[in-house]
Amino acid sequence: MMNQKKKYIFWFKKIGIKDIPLVGGKNASLGEMYQNLIKKGVRVPNGFAISAKAYFYILESAGIKDEIKKILSDLDTSNMQNLAEKGHQVREAILKAKFPEDLEKEIISAYQKLSNEFLLIPTSYQSRRKVGIPKPTFQSALRQVIGAKASGLQATSCLMDVAVRSSATAEDLPDASFAGQQESYLNIKGEYALIEACKKCFASLFTNRAISYRVDKGFDHFSIGLSIVVQKMVRSDKACSGVAFSIDTESGFQNAILINGSWGLGENVVKGVVSPDEFFVFKPTLEKFRPILNKKLGTKEIKMIYSQEGNKSTKNVETSEEEKNKFVLNDDEILQLAKWVKIIEEYYKKPMDIEWAKDGIDNQLYIVQARPETVQSQKNINIIETYKLQATSKESKLPTGQASYQPEADHSLGDKLLCSGAAVGSKIGQGKINIIKNVHEIEKFNKGEVLVTEITDPDWEPIMKIASAIVTNRGGRCCHAAIVSRELGIPCIVGTKNATQVLKSGESVTVCCAEGEIGKIYSGIIPFEIKKINIQKFKKPTVKIMMNIGEPDQAFSLSFIPNDGIGLAREEFIINNFIKIHPKILLAIDKQQFIINDQKIDEKILEEIEKITQGYKIKAQFFVDKLAEGISMIVGAFYPKDVIVRLSDFKSNEYNNLIGGKYFEPKESNPMIGWRGASRYYSEEYKESFALECQAIKKVHEEMGLTNVIVMVPFCRTPEEAKKVFLEMKKNKLIVDAYKSKRNQLKIYMMVEIPSNIILAKEFAKIFDGFSIGSNDLTQLVLGVDRDSELVSHIYDERNEAVKILIRNVIKIARRNKVKIGFCGQAPSDFPEFAKFLIECGIDSISLNPDTVIKTTLQISKKH
């Protein structure tokens with residue numbers, strides 16, 4: 001430990017992780033970063049710790065330790081009323097305790113010293129920059145200091161505003177999270193206000209939630225002390241703040257950094273009061289590239305700012321429309337934060353949970369807290385757990401606690417669906433609903449019920465741990481309810497907006513988080529089953545097993561399934577669900593062309609497009625960015641394994657369904673074999689839209705550094721057509737040359753789905769880097785069957801010998817010409833014997849639907 005003349009104050013520059021017993025986890029981490037990471041460019045505001053010895057000193061000097069023990073002697077944490085009464089009595093005892101005079105003086109002296117560090121202005125501008133004085137405040141701060149010195153007083157105006165935070169000595173341990181259980185106080189200014197804030201912090205060691213958590217975890221109430229952080233305030237009330245995680249909190253995927261942010265002080269984000277902006281950044285390519293995988297705009301309804309009203313130091317105000325519709329961070333700031341998160345994780349050698357803030361005066365970013373992530377990092381990723389409603393047709397197979405694969409819609413449960421929101425985890429819970437509207441009613445909650453409420457905070461934790469499931473109107477994936485439910489392993493659905501209105505107390509429901517990113521509340525108790533598989537015992541077959549995927553939001557979770565990459569990622573899913581708008585209407589708006597083929601674009605359509613693309617002056621750029629984000633989430637999730645991304649393959653009737661599509665799409669009698677795939681990319685009517693796809697792929701490959709992406713051209717009828725597509729790619733600088741031997745690193749595959757692809761396979765092999773067989777279209781074209789027609793559906797069968805002959809032939813030709821060939825059709829997912837047939841033919845890889853990967857792989861492994 002450190003040697004200091006004074007007993008209770010320790011500056012950040014003198015403390016580190018070894019000092020947790022003395023200054024708590026939060027202070028120890030701040031000291032560790034202040035000493036070791038500032039030199040690596042991480043900006044941490046200075047401050048000091050009031051040690052846990054001070055807390056025990058107060059208990060002893062005031063003689064209240066025995067009083068507290070007596071109060072807690074008949075504590076019953078299962079009785080909400082008893083817990084609330086005992087907690088209140090202990091907190092009051094501490095608040096009324098007299099602060100020892102020597103301790104008070106030591107705290108005030110340190111506070112004055114910290115204030116002087118920032119307000120006693122050095123003469124040179126460079127010097128004042130070193131101590132963090134923003135340029136605009138220099139003259140005003142100087143006047144304050146001169147005035148105070150003339151009067152011989154340490155005036156309040158010369159004492160800086162500080163953050164006063166609790167730091168428990170058992171806080172921020174890798175296997176237990178005490179975060180949020182004790183209180184923090186922001187914008188504390190003046191000696192009296194500081195001492196009062198310290199008293200409140202010490203008392204908050206006995207909040208109801210903290211008492212309950214210690215009992216659950218087996219911690220003795222007096223084995224844990226409380227230290228206090230006193231730190232220079234970052235003026236995020238004039239800018240923004242938030243949290244960041246060095247792994248994805250939902251899936252545990254370790255190659256992504258998640259950043260959440262909102263306007264104002266950070267309490268609203270930490271407590272889950274607002275729906276923040278969300279950013280994902282890819283760690284492996286962060287040093288040399290700009291890999292922002294995804295940006296989602298939050299609603300950010302309110303912001304916390306400084307207050308001068310009464311005894312309140314902060315208050316919440318509504319955000320403006322401009323603030324709601326604007327990201328809190330620009331791309332440079334997102335990347336800067338991500339680099340700091342990576343540095344912090346590498347220093348601590350473990351996944352980290354970090355709080356950040358931007359100062360609205362000096363416009364600089366700061367790290368104000370870092371602690372170990374305690375949920376996903378503790379899970380056994382080798383155990384894949386399956387939750388499946390017995391009424392549904394698809395299974396979800398993912399690591400324990402991971403969000404599951406989104407199956408096809410199950411219409412049999414449609415009439416039972418009551419409401420939905422964002423799923424947290426992948427489990428299923430059941431029970432009777434109990435709507436609790438505020439924390440004062442929690443004693444009405446019974447074990448095993450489904451908790452339904454507006455939003456939760458740490459005061460709700462005593463009943464959250466006994467709930468069978470949790471449902472909230474508000475909040476996002478990093479809100480309090482989501483964080484706690486992950487830790488407790490309880491299914492949770494947040495952000496339903498209307499759960500408290502449409503659900504009824506006493507009603508039996510099934511809360512399902514096993515059907516993808518959308519969590520659903522069904523009426524009644526629906527049977528479900530749970531399966532577990534240990535993938536350490538999983539024997540990999542000789543053939544590569546890849547996956548078909550469409551949903552970018554599920555990519556991180558799906559990456560835990562044993563796989564060799566992605567054999568088919570469809571752009572159509574991203575365009576349909578994340579963009580929703582026809583690319584040609586976006587280009588038309590940018591050109592101010594509002595009359596298309598003698599039709600004026602409907603005002604309602606323009607309004608809808610404006611709402612979706614808010615913040616984009618150039619509407620076509622919205623298409624590029626969102627397509628790139630969707631692709632990069634999938635490609636990043638499986639990096640560095642190959643990810644084959646198929647270019648858009650909508651048919652004209654499907655393009656017509658996109659917003660604005662009706663102004664541009666022809667009416668074809670048979671769109672299945674009409675204007676689709678490659679034939680669009682070089683046509684005068686569509687190639688400007690294809691250029692947007694090229695820009696998106698280029699962004700993923702070159703700007704983000706995701707070199708594992710492979711582009712696949714669908715429905716390419718002739719080698720001449722292929723060459724025309726390559727020339728368009730070259731014009732758009734996606735490739736440097738149309739000739740196979742002179743391209744850059746980007747590989748181009750062809751989807752083998754037309755008989756001509758097989759008949760002319762030798763010619764196609766001279767042009768493309770690889771093939772992937774799509775059995776769905778191939779079967780219908782070989783057998784002359786419309787696969788959408790029920791009348792001839794009995795004839796449609798990929799196992800037909802005519803289809804198999806062609807598949808066998810194209811595999812032989814590919815191998816003879818040293819071109820990789822895989823299979824991405826439906827057949828191996830549905831028919832294990834078909835997978836066996838492909839292996840016998842010498843296929844390089846088989847791509848399966850996520851829900852069949854394990855089952856099919858196990859069957860293949862037994863036979864080979």
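Helix α8 covers residues 191-203, which makes 13 residues, and spans 19 Å from its first C-alpha to its last. That is close to the 18 Å expected at 1.5 Å a residue, where the expected span is 1.5 Å times one less than the number of residues. Helices here are DSSP runs of H or I with at least four residues, strands are runs of E with at least two, and both are numbered from the N terminus. This is a predicted model, so local features need pLDDT of at least 70 and side-chain atom pairs count only at pLDDT 80 or more, while totals for chains, interfaces and linings use all residues. Residues are numbered from 1 along each chain as its sequence is written, and side-chain values use heavy atoms, with hydrogens and water left out.

Back to α8: its buried residues are Leu194, Ile195, Ala197, Cys198, Lys199, Cys201, Phe202 and Ala203. Buried means under 20% relative accessible area, exposed means over 50%, and partly exposed is in between, using a 1.4 Å probe and protein chains only. Note that Lys199 is on that buried list. Leu194 also gives us a way over to Val162, which is 32 residues away in sequence and 8.5 Å away in space, C-alpha to C-alpha. Val162 belongs to strand β3 (residues 162-168), and it counts as buried because its relative accessibility is 0%.

In total the structure holds 22 aromatic pairs. Rings of Phe, Tyr and Trp (its six-membered ring) pair if their centres lie within 6.5 Å; planes under 30 degrees apart are called stacked, over 60 edge-to-face, and the rest tilted. One of the pairs is Phe280 with Phe556, edge-to-face at 5.3 Å centre to centre and 85° between the planes. Phe280 sits in strand β8 (residues 277-282) and Phe556 in helix α16 (residues 555-558), so this contact ties together parts that are 276 residues apart in sequence. Both Phe280 and Phe556 are buried.

Now for some helix packing. Helix α4 (residues 80-96) packs against helix α9 (residues 208-217) at about 110°, with the axes 9 Å apart. Axes are lines fitted to C-alpha atoms, for helices over the stretch in contact, and angles run from 0 to 180 degrees between N-to-C directions. The two helices α4 and α9 are therefore roughly perpendicular; the labels are roughly parallel under 35 degrees, roughly antiparallel over 145, roughly perpendicular from 65 to 115, and oblique for the rest. Helix α4 passes α9 in a right-handed crossing, which is to say the near helix is turned clockwise from the far one by less than a right angle, with anticlockwise being left-handed. Further along, helix α27 (residues 775-783) and helix α28 (residues 801-816) pack at about 120°, with axes 9 Å apart. That makes α27 and α28 oblique, and their crossing is right-handed.

Ile463, in helix α13 (residues 461-464), is buried at 0% relative accessible area. Between Ile463 and Thr77 there are 9.9 Å in space, C-alpha to C-alpha, for a separation of 386 residues in sequence. Trp11, in strand β1 (residues 9-11), is buried at 12%, and its C-alpha is 4.1 Å from that of Phe48, 37 residues apart along the chain.

Finally, the backbone. Most residues other than glycine have a negative phi, and most peptide bonds are trans. Lys497 has a positive phi of about 75°; this residue is in the loop between β20 (492-494) and α15 (499-502) and is exposed at 71% relative accessible area. Lys733 also has a positive phi, near 60°, in the loop between α24 (719-731) and β30 (747-752), and is exposed at 60%. The peptide bond from Tyr639 to Pro640 is cis, with omega near 0°, and Pro640 lies in the loop between α20 (619-637) and β28 (643-646).
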